[in-house]
Amino acid sequence: EVREDGLVKLHLLSFNVRYESPDDRGSRAWRLRVPGIVRMVRRLAPDCLGVQEALHGQAADLWASLPEYGFYGVGRDDGIRAGEYSGIYYRRDRFQLDTSDCGTFWLSATPEVPGSRTWGNEIPRVATWIRLVDRATGHGFYVYNTHWDHRNQESRECASLLIAARIDARRHAGEPVALIGDFNSIESNPGLVYLTGKTVTVAGEKRTWAHGLMDTYEALHSGEKKRRTLHLWSGSREGNLKVDHILVSRGSTITDSAVV
């Protein structure tokens, strides 16, 4: 939405959809989960939705069920269709995708090599980005979506440095950024702390990212004890295992945030 003061209002959603597994039976089976996911997305009506763990068929199912959204992403194993996507859906009526400024890079020492993994993670990890232009105002902004490693801390810390460097090097450096994803890290993890601009030791050195982002949930719910997003099918918010985050450029006004 464009407010009266000319600022653009954005609604962002991050969702680890759980990869389609033959071991997930009954209500956990993907074909039975799709209708509920589509209803949820329609109810929340995000302007941009970042998904993690979606295999090609899952990404296609959601895209076919949500024709009002465009989609960008690739499989992490080969940079085409193989493996999980960290893809981004965006409202086509509101935004024009800048096809010259979007892509996927691998969270490794060779980020342009599909499937690469060099920091101790056993499976490839990626970040996908797009630049969108608001059709009503002509304002551009960037959305990055990522899924960090679930076991290796070195991988997470090196991923934070790489993503920050890529954000700093974006073509339109003055445009705002949203970084969303499943970081497999709670707020105190050094990799995530670094992304918020605080001084912290990452990858063996004390560092500060000058362009650190704001944590949208922490900004409004810093004292909330029930914030779990890694609930392992339970749906419970009890505890602090909040590993899914939405970070935005400083100067943004955060009007609402929630764990759904």
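Mentor: Two strands pair if DSSP finds at least two bridges between them, and strands (E, at least two residues) and helices (H or I, at least four) are DSSP runs numbered from the N terminus. The model is predicted, so local features need pLDDT of at least 70 and side-chain atom pairs count only at pLDDT 80 or more, while totals for chains, interfaces and linings use all residues. Residues are numbered from 1 along each chain as its sequence is written, and side-chain values use heavy atoms, with hydrogens and water left out.

Trainee: Which residue in S8 is the bridge partner of Val 143?

Mentor: S7 and S8 run parallel and are joined by six bridges. Within this pairing, Tyr 144 stands opposite Leu 179 in S8. For Val 143, the bridge partner in S8 is Ala 178.

Trainee: In what order do the six strands of the open sheet stand?

Mentor: Strands of a sheet pair through backbone hydrogen bonds, either parallel or antiparallel. Strand S5 (95-106) and strand S11 (214-215) stand at the edges, each with a single partner strand, so one side of each is left without a neighbour in the sheet. The pairing is mixed, and the order is S5-S6-S7-S8-S12-S11.

Trainee: How many residues of S8 are buried?

Mentor: Buried means under 20% relative accessible area, exposed over 50%, and partly exposed in between (1.4 Å probe, protein chains only). In a regular strand the side chains alternate between the two faces of the sheet. In S8, one side holds Val 177, Leu 179 and Gly 181, the other holds Ala 178, Ile 180 and Asp 182, and all are buried. S8 is thus mostly covered, the buried count being six of its six residues.

Trainee: What is the relative accessible area of Asp 182, and how many Å separate its C-alpha atom from that of Lys 242?

Mentor: Asp 182 lies in strand S8. Asp 182 counts as buried because its relative accessible area is 5%. Lys 242 is 60 residues away along the chain, and the two C-alpha atoms are separated by 9.2 Å.

Trainee: Is the pair of Phe 71 and Tyr 85 stacked, edge-to-face or tilted?

Mentor: Rings of Phe, Tyr and Trp (its six-membered ring) pair if their centres lie within 6.5 Å; planes under 30 degrees apart count as stacked, over 60 as edge-to-face and the rest as tilted. The structure holds eight aromatic pairs. The rings of Phe 71 and Tyr 85 have centres 6.1 Å apart and planes at 40°, so this pair is tilted.

Trainee: How many residues apart in sequence are the parts tied together by Trp 148 and Phe 183?

Mentor: The ring centres of Trp 148 and Phe 183 are 4.8 Å apart and the planes stand at 80°, so the pair is edge-to-face. Trp 148 is buried, with a relative accessible area of 0%, and Phe 183 is buried at 0% relative accessibility. Trp 148 lies in the loop between strand S7 (140-147) and helix H3 (153-168), and Phe 183 in the loop between strand S8 (177-182) and helix H4 (190-195), so the parts tied together are apart in sequence by 35 residues.

Trainee: Which residue lies over the face of Phe 105?

Mentor: A charge sits over a ring if NZ of Lys or CZ of Arg is within 6 Å of the ring centre and within 35 degrees of the ring normal. Arg 18 lies over the face of Tyr 19, at 4.4 Å from the ring centre. Over the face of Phe 105, at 4.7 Å from the ring centre, lies Arg 166.
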